[in-house]
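The sequence and structure are shown first.

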Amino acid sequence: MIEIQESVIIRQPVDKVFEYVTDPNNNATWQSGILETAITSEGSFGVGSTYSCVNRFLGIRFESAGEIIEFEPNRLCTYLFTSGSVSGETRFTFVPQNRGTLLTTSGVLELKHLKLAGFLVNRKARQQARHDLLKLKLILENGINPPDR
């Protein structure tokens, strides 16, 4: 089981950060493990929206599908993985901070193919989450999109 909680303060208003983070078209830009994301439901993005995702973690390709189970504009968005190689959920919370936004990502995930790697997987996932938030900060504050490591 992977447990993640990482935060970063981004010097941009909450609405701008929320809009960017919750737009699935941006996922592969700032999340290093995401290769592609697609919305699989009709209508506007929010509670009940479904998606599919292709990830790479520790050199292994994972496919998953899920649903948005919480969506409060400029406050939070929670993704529930419903099928595929990943189970669990990931939540993003957005809190105004002195002309900026405190963005926190938290989640409890299980990668079905890496159950035995425990500590290594947990550590690498936390490092990747931290790296991704810092990359997002650079993109939103400075327009810089650094290459992944």
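The term pLDDT denotes the predictor's confidence in each residue, on a scale from 0 to 100. The structure is a predicted model, and its chain averages a pLDDT of 88, with 91% of the residues scoring at least 70. Among the elements of the chain, the highest mean pLDDT, 97, belongs to α1, and the lowest, 86, to α3.

Strands of a sheet pair through backbone hydrogen bonds, in either a parallel or an antiparallel manner. Here seven strands form an open sheet with antiparallel pairing, and their order is β1-β7-β6-β5-β4-β3-β2. At the edges stand β1 and β2, each of which pairs on one side only. On average, neighbouring strands of this sheet are turned by 20° against each other when direction is ignored. Within the sheet, β5 and β6 pair in the antiparallel sense over six bridges. Leu80, for example, stands opposite Glu89 in β6. The helix α1 packs on the sheet and touches β1, β4, β5, β6 and β7. The direction of α1 makes about 160° with that of β6.

In soluble globular proteins, nonpolar side chains tend to be buried together. The largest nonpolar core of this model has 32 residues, and those with the most contacts inside it are Val21, Trp30, Phe94, Leu103 and Leu136. At least two residues of this core come from each of β1 (2-10), α1 (14-21), β3 (50-57), β4 (60-72), β5 (76-84), β6 (86-97), β7 (100-111) and α3 (118-142). The greatest contribution to this core is that of α3, with seven residues.

When its neighbours within four places in sequence are left aside, Leu103 is in contact with Glu6, Ser7, Val8, Ile10, Val17, Val21, Phe92, Thr93, Phe94, Leu133 and Leu136.

Two further residues, Gln31 and Ile34, may be considered next. Gln31 is found in the loop between α2 (27-30) and β2 (34-39). Gln31 counts as buried because its relative accessibility is 14%, under the 20% limit for that class. Apart from neighbours within four places in sequence, Gln31 is in contact with Phe92 and Asp132. Ile34 lies in strand β2 and is likewise buried, with a relative accessible area of 12%. With the neighbours within four places in sequence again set aside, Ile34 is in contact with Asn27, Ala28, Cys53, Val54 and Asn55. The C-alpha atoms of Ile34 and Leu103 are separated by 19 Å, and the two residues are 69 residues apart along the chain.

A disulfide is a covalent bond between the sulfur atoms of two cysteines. How many disulfides does the count come to? The count comes to zero. Cys53 is in no disulfide, and the nearest cysteine sulfur, that of Cys77, is 13 Å away.

Key: Residues numbered from 1 in each chain as written. Predicted model: local features only at pLDDT ≥ 70, side-chain atom pairs only at ≥ 80, totals over all residues. Heavy atoms only, no water. Core = buried A, V, L, I, M, F, W, Y, C linked by side-chain atoms within 4.5 Å. Buried < 20%, exposed > 50% of the residue type's maximum accessible area, 1.4 Å probe, protein only. Helix = DSSP H or I, 4+ residues; strand = E, 2+ residues; numbered from the N terminus. Contact = heavy atoms within 4.5 Å. Pairing = 2+ DSSP bridges. Axes fitted to C-alpha atoms, helices over the stretch in contact; angles between N-to-C directions. Disulfide = S-S within 2.5 Å.
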